[in-house]
Each structure stands twice: as structure tokens, then as C-alpha cells.
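Hi,

Here is the structure I said I would pass on. Have a look, and my notes follow below.

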Amino acid sequence: MTNDFAMSCPLRAGDQGIIELAHGGGGRAMERLLDTIIRPAFAEPMLERRHDGAVLAIDGPIAFTTDSYVVKPLVFPGADIGTLAVNGTVNDLAMCGAQPLYLSVGFILEEGLPIATLGRVTASMREAARTAGVRLVTGDTKVVDRGKADGMFINTAGVGRIVAQAAIEPSSVRPGDVVILSGDIGRHGISVMAAREGLAFETMIESDCAPLAAPVLDLIRGGIAVHCLRDLTRGGLASALVEVAEATDFGIHLEEKLVLVCAEVNAACELLGLDPFHVANEGRFIAFVPRADAEAAIRLMRRHAVTNLATVIGTVTDGPAGQVACRGPFGVSHIIDMLNGEQLPRIC
Amino acid sequence: MKFRDEYRDPVAAHALADAIARLVTQPWTLMEVCGGQTHAIVKFGLDRLLPPEVSLVHGPGCPVCVTPVEYIDKAIEIAARPEVILCSFGDMLRVPGTEGDLLGARAKGGDVRFIYSPLDALALARAKPDREVVFFAVGFETTAPANAMAVYRARQEQIRNFSMLVSHVLVPPAMCALLKAPTNRVQGFLAAGHVCTVMGYEEYEQIAARYQVPIVVTGFEPVDILEGVYMCALQLEQGRCEVENQYSRSVRREGNRPAQDVIREVFRIVRRRWRGIGEIPESGFGLTAAYRDYDAEIRFGSVQTVGEREEECISGVVLRGERKPSECPAFGTRCTPERPLGVTMVSGEGACAAYYRYRRFDSAGGKGG
Amino acid sequence: MCLAVPGRLLSIAGEDPLTRTGRVDFGGVVKEISLAFVPEARVDDYVLVHVGFALTVLDESEAVQAFDDLREMGELLEVEATRLRENSDEIP
């Protein structure tokens with residue numbers, strides 16, 4: 001292998017199998033990266049047009065969202081940062097009652113990132129986009145110095161066509177509404193933790209990262225009066241419930257025994273001193289629907305693999321405002337709240 | 001999971017609560033010492049299952065809460081050094097020092113990492129010979145054998161780039177200090193089951209005899225705690241003051257001998273200051289002379305005592321069991337987990353934090369109805 | 001200070017008591033744990049684990065005894081509750 005004495009010859013960039021600063025430079029090295037790795041991975045006709053932006057036509061009101069993904073490690077059981085980046089934005093659009101259509105992708109790559117990793121992540125993104133029924137139509141690539149990006153950061157922004165007639169938001173929630181949880185909690189956070197250096201444990205748990213648009217659109221088109229939707233992410237079930245409760249004038253009451261936690265997630269939480277209610281999820285949501293629609297909603301959701309464990313876990317009450325209370329196994333209720341920051345393993 | 005689920009059985013729990021209600025003929029005040037027991041009581045609402053005669057107060061069972069502020073300051077100072085990797089249990093990362101906490105030190109550029117086991121810190125030292133790995137060793141006797149083993153192996157394997165900042169505390173001296181105080185109202189104790197798994201319970205027999213208090217070594221699951229309360233209340237009703245072992249599946253009177261051997265090899269008993277309580281003689285562990293090379297206080301300078309500041313925070317009073325968190329005028333208003341006035345609100349195991357997380361809407365000081 | 005969890009010992013590695021480790025199953029999650037403090041531990045034993053170390057082998061006979069006592073207490077309470085119900089018009 002020749003040394004760095006040969007100056008920044010663009011033909012050499014990429015030969016070493018790692019990302020170099022030149023790959024973000026807007027020149028030949030970057031073009032080659034796009035031609036050999038990124039565009040083939042996404043296989044998207046719009047990208048072949050090589051415009052500065054994608055030109056699209058969408059009828060009616062649209063939903064628009066953005067999110068950035070900084071997960072570490074980049075790859076973990078069941079998914080990687082690419083799958084997360086596509087599904088996360090797809091799900092935010094779905095939570096607005098929109099059919100997700102198009103995504104943009106912004107990469108910030110760290111100098112030294114193996115190109116094979118980038119290849120793997122872009123392949124995951126293509127798969128995720130295909131499963132979710134969306135297209136990755138425009139993007140950007142930058143490279144930062146070694147040490148500045150944990151391997152890679154990804155931003156995705158997305159647009160979707162609003163399908164719901166009524167506004168799906170906290171202000172539509174009413175006392176008496178039921179809270180439906182789409183599946184069991186905690187898989188994503190535990191799978192990421194299991195892959196972290198130093199905490200590693202053997203487990204079959206995989207991230208629950210998945211697109212949620214199909215069951216959501218089914219609910220809307222099935223005539224269910226969906227009052228509010230919220231996908232569970234970093235703060236877990238607790239944060240999602242508290243956010244909605246605090247945005248309304250109402251309270252929420254849950255039955256702890258109705259919240260599904262699989263045995264492996266439970267075991268990992270016991271071992272590390274974590275509360276499953278605060279563990280991250282990437283393929284779960286809560287839905288607030290009128291009590292009269294609850295049974296039909298559950299039936300519709302259970303037809304989809306990603307929501308086949310959908311269950312009513314509680315109800316919206318008259319108050320106290322913003323309070324989320326959970327009745328435990330001994331019949332005593334306690335408050336569910338957001339944590340101040342990230343939940344850390346404890347020994348105490 | 002065997003040895004866990006059956007101890008969360010609601011039928012057994014209600015049977016015990018009923019038995020306690022039938023048993024008591026007068027008010028009794030019991031103290032559980034361990035933060036893990038406090039957490040279970042507040043989260044599962046066990047105190048609400050008990051009859052009004054039985055009052056449970058929460059003792060200084062949170063080694064995180066009682067770590068003197070000067071040790072946090074020292075850890076922060078050490079973490080700021082570029083060659084250092086400061087390893088700590090997750091519990092310690094948000095505990096406030098004089099200015100900021102260990103997570104803040106990380107934000108300012110310090111290499112601060114949380115670990116699951118002290119052996120992980122040792123492994124890090126092996127993997128990174130060009131860095132100085134410092135492990136912040138806190139805890140009660142439960143954690144002492146593990147912490148001791150890390151430094152024991154470091155010395156055996158001649159791993160030079162590893163040291164420990166030690167702030168261990170011991171339970172029996174704290175119990176005695178509480179029992180000696182003129183304001184003490186505690187009539188019976190639930191002793192910490194995991195501390196006793198390591199140390200046994202022989203040393204509690206003297207305490208029970210001297211201060212005439214029943215002591216029941218108790219586990220951490222709801223059925224354990226309720227059974228411990230039952231056994232303690234029964235002793236009080238019968239006028240006995242003995243040491244009994246509720247947690248017999250885990251605790252033997254002599255404790256764990258191999259664990260005690262390693263502790264004795266590595267640690268010696270020293271005086272310690274307990275945040276919110278003050279100095280208690282012979283209440284902590286420090287490294288023995290043979291291990292001075294692994295002592296972070298010798299490598300990086302000893303800890304300077306910081307005086308207790310006059311503050312609105314009454315964590316000392318709460319730690320001594322003299323008041324409940326909900327009885328503090330600042331609870332839930334001027335003092336919350338986001339803006340804590342003292343340690344019992346910051347630490348997840350602190351009594352104030354537990355009350356805030358699970359109970360605050362009950363108190364006059366909280367928000368809501 | 002006291003988060004210790006029970007788990008079943010699946011396998012043991014190493015001869016030296018100080019560095020002996022075991023794979024412990026906590027109910028679907030398996031982690032390698034130091035057995036330095038439980039030289040008597042055997043495969044299929046249940047151990048109590050704190051910060052990566054087994055602190056004791058859990059005693060099944062003690063656990064069974066404790067639950068027998070509790071069941072007896074529960075039965076006594078149930079007998080009394082039945083008696084109260086039979087002697088009264090009201091459901092307690």
C-alpha cells in the first residue's frame with residue numbers, strides 16, 4: 001500500500017475501502033461514491049436525473065416531517081441506522097394521518113467509516129423504503145473529520161398525503177376515549193443496549209423497528225374515529241403517554257397488567273435496573289379512539305403483523321390534568337412520568 | 001422467572017397485608033434501610049396495603065445519596081484530565097457535586113463511561129494501556145466484594161493504569177447512629193437482604209440486644225418486604241427484640257465467606273462522612289496499605305472535605321427517617337428531579353425521587369388535584 | 001444498594017476459582033458472570049447476581065418452606081373469612 005506522499009489524487013480516494021474527506025468534497029471522489037454505492041443502492045429513477053432537488057406532484061394537504069439519526073452502534077440486532085432513518089420518518093408521517101410518499105436523505109459520514117458499512121446501510125434503506133412503500137428521491141452527502149460523527153449521522157425528511165378527514169392531534173382527545181397500544185414494548189432499546197460494548201449479553205431480542213403506515217391507514221380508511229396517534233420512540237411508552245396527557249386537559253389511567261412486555265425484555269430490564277416503560281421503541285404506537293370504536297380498531301390492527309398484539313391498555317379520564325396513573329399488580333396506582341434524561345442502568 | 005415471580009404474587013401479598021392488619025394492636029414505626037426496598041415499597045404501593053398503625057420510614061439506604069459531595073467533586077476533577085477514563089455505575093452520573101455532575105463533566109470533554117460491573121473497568125484498563133482508568137467505587141457492603149475483586153485482580157496481574165476512588169459505606173454503624181439520636185422514633189428495622197447476603201447478620205445481634213430493637217433481614221420483592229414487616233411487627237407485639245432472617249433463600253448467618261475474605265484483603269474500616277448525616281466513625285471502607293498504589297486519592301490527590309451548607313434541602317432529615325419527602329415544604333415545588341435541591345431528589349433511589357415519581361399528586365406540595 | 005437478580009447457571013468455564021465464570025440465564029437473556037464468590041455453584045443452580053458477580057446460590061428448600069408457611073397463613077385467613085361470611089348477612 002503506497003503512503004500519503006502521493007498528494008490528494010482524486011483517483012486514489014475510495015481505494016482504501018474507507019470514507020475520506022474527499023468523498024464529501026463535491027468533486028470526482030464524491031461522484032464516484034454516489035455512482036458506485038449510493039445511487040445503485042437506492043435504485044431510484046429520480047436520483048438518476050441528477051437534479052439539485054426532486055420535482056414532485058402531490059394532491060391536497062400534505063404532512064411534512066424531519067428527523068436525524070445518531071444511534072450508536074450503527075448496526076444492532078434486527079436493524080441498523082438506515083432502517084431506523086427510513087421507518088422513523090415514515091412513522092412520523094403516519095402519526096399525522098398521512099400516507100408517506102417521498103423521503104430525502106442527508107448523510108454526514110465520518111472520515112474513516114468503512115465503505116462496506118455505508119453499503120450495508122444504504123441497502124437497508126432501500127429495503128425499508130420498499131417495505132414502507134416510499135421513495136428516496138433526493139439527498140446530500142458530507143464528510144467530517146475523524147472523531148466528529150460516530151461513524152455516520154443521517155437526516156431524513158419526508159412528505160406524505162393527508163388521508164384523515166379530521167385532525168389527528170391531542171386536542172381531539174376526549175374523556176372516555178380508550179388508549180390502544182400497538183404491541184409489546186422495549187425491544188428496540190434492549191437490542192441496542194445488548195450490542196453496546198461492555199454491556200453485551202446474549203439474547204434473541206431484535207429491534208422492533210418497522211413501518212406503521214399500513215395499519216394506521218387501515219384504521220383511518222376503516223372509518224375509525226382516530227383522535228390521536230403517537231409513536232413510541234426514545235422516551236418509551238411513558239413519554240408518549242405523558243406528552244399526550246400534558247397536551248390535553250385530561251388524565252390517563254392504565255392497567256399495568258395490560259401492557260405487554262416480552263419475557264426477554266423483562267429479563268434484560270431486571271438485570272440492568274431499567275423500567276420497560278422508559279425503554280426506546282421504533283415500531284410501536286398508541287392510538288386514542290372513542291370507546292365505541294375500540295373493538296373494531298383492535299380487529300383492524302391485529303390483521304397486520306406489526307400490530308398483531310394491539311391491546312387496549314387504559315382510558316382517558318376527566319383529570320387531574322396531565323396526570324398519567326398506572327394501576328399495579330396489587331391494586332395501588334402510581335404516577336407515570338417522563339425521565340429527565342436518558343435512562344441509565346443502575347446497581348442500587 | 002423462578003425465585004422472582006412468586007414473590008410478586010398478589011394473593012400472597014394480600015394475605016400478608018391482612019395478617020399484619022389482624023396482628024397489630026398499637027402503632028409501630030419501622031425503618032427499611034435499603035434504597036432498593038424503598039423503591040419497591042413506593043412503586044408497588046406496599047405501604048398503602050398496610051394498616052394505618054404501621055408506619056414505614058425510609059432510612060439512609062442509598063449509598064449514592066450519602067456519598068459526600070467532595071467525592072463527587074474529586075471524581076469530576078479526575079475525569080477532566082485528558083489521560084483519564086472515569087468509570088462509574090450509572091446511578092452516580094447525575095448526582096450533583098458542588099458544581100455540576102459527572103454527566104456535565106462528560107459534556108465538558110471528560111471521558112466518563114458507565115459500566116455494569118467493576119470488571120468492565122478493569123477490562124478497559126487492559127484494552128487501553130495508554131490511558132488511566134479510574135473506577136468510582138461506591139456502595140454498601142453488597143458491592144464491596146465486586147469492587148475489591150477488581151483491584152485485587154489488577155494487583156495480581158500488575159495492571160498499572162487502573163485505580164479506584166473509594167467511597168464505600170457500611171450499614172450497621174449507620175443504624176447505630178440513628179438509634180443513638182435523641183430524635184429517633186424507629187422501633188424496628190428491616191435490614192438490607194443483599195448486604196447481609198455478603199456480610200451475614202451476626203453483627204446485627206449486638207445491635208438488637210443493645211438498643212432493644214427487632215431486626216428482620218428482608219429481601220426486595222413485595223412478598224419479601226411484607227413478610228419482613230409481618231415478622232417485625234410480630235416481634236414488637238410480643239415484646240421480643242431478636243434478629244430474624246426473612247430472606248433465608250439468600251442469606252445465611254455467617255454470610256458469604258469468600259466474599260468477606262476478598263473484602264478483608266483489600267479494604268480496611270475507616271471513618272466516613274455521610275451526606276446529610278455527618279461523620280460516623282468506622283462507617284466506611286478504604287483501601288489497605290498493600291493497595292495504596294491503586295488508590296486514586298494517592299494518585300490524584302486526596303479529597304478535601306467540604307462543609308455542609310445551610311440549605312433549604314432537608315435530605316438529611318429525610319435520610320434519618322424523621323420526615324417523609326411529602327412533608328418537605330419544597331417538595332414538588334421548588335425541588336423537583338429537574339431542579340433538585342438535594343441528593344435524595346436526584347438519585348433514582350432517593351426517597352424524594354421515588355415519592356415524586358410515583359406519588360406526588362397525593363401531597364399538598366405537588367401539582368394537580 | 002442492592003439490585004441483585006436471580007438467574008439459572010447454564011454452564012461453567014475455567015478451573016481457577018478466582019477467575020471461574022458461568023453463563024447465567026435471567027429468563028431469556030444470558031450473561032457471563034463471575035463465580036469467584038460461589039465456588040460451590042453447579043450447573044442448574046440458581047444464583048443471585050449483582051454487578052456481574054454471583055453473591056450466593058439460592059436455597060430452594062428455604063424458599064419452598066417459606067411459601068408453605070405463607071400458604072398456611074393464607075388458608076387460615078381464608079377459613080376465618082369464610083366463617084365471617086357465613087355468620088353475617090353482609091359480604092365483607
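Let me start with a strand pair: β4 (residues 98-110) and β6 (residues 152-162) of chain A run antiparallel to each other and share eleven bridges. Here strands (E, at least two residues) and helices (H or I, at least four) are DSSP runs, numbered from the N terminus, and two strands pair if DSSP finds at least two bridges between them. Within that pair, A:Y102 sits opposite A:V159 in β6(A).

Some housekeeping: this is a predicted model, with local features needing pLDDT of at least 70 and side-chain atom pairs counting only at pLDDT 80 or more, while totals for chains, interfaces and linings use all residues. Residues are numbered from 1 along each chain as its sequence is written, and chains are lettered from A and ligands numbered from 1 in the order in which they are written.

Back to the sheet. The four strands are ordered β1-β6-β4-β5 (chain A) in an open sheet with mixed pairing. At its edges are β1 (62-69) and β5 (135-144) of chain A, each pairing on one side only. Neighbouring strands are turned by 15° against each other on average, direction ignored (axes are lines fitted to C-alpha atoms, for helices over the stretch in contact, and angles run from 0 to 180 degrees between N-to-C directions).

The whole of chain A has nine helices and 14 strands.

The contact between them takes 20 residues from domain 1 of chain A and 23 residues from domain 2 of chain A, where contact means C-beta atoms, placed from the backbone, within 7 Å.

Which element gives the most to the side of domain 1 of chain A that touches domain 2 of chain A? That is α3(A), with nine residues.

Helix α3 (residues 81-95) of chain A is mostly covered too: 15 of its 15 residues are buried. From first C-alpha to last, α3 of chain A reaches 21 Å, close to the 21 Å expected at 1.5 Å a residue (1.5 Å times one less than the number of residues). Just after α3(A), A:G97 takes a positive phi of about 80°.

Cheers

Technical notes. A residue is buried if 20 or more other C-beta atoms lie within 10 Å of its own, exposed if 12 or fewer, and partly exposed in between; C-beta atoms are placed from the backbone. Two residues are in contact if their C-beta atoms, placed from the backbone, lie within 7 Å.
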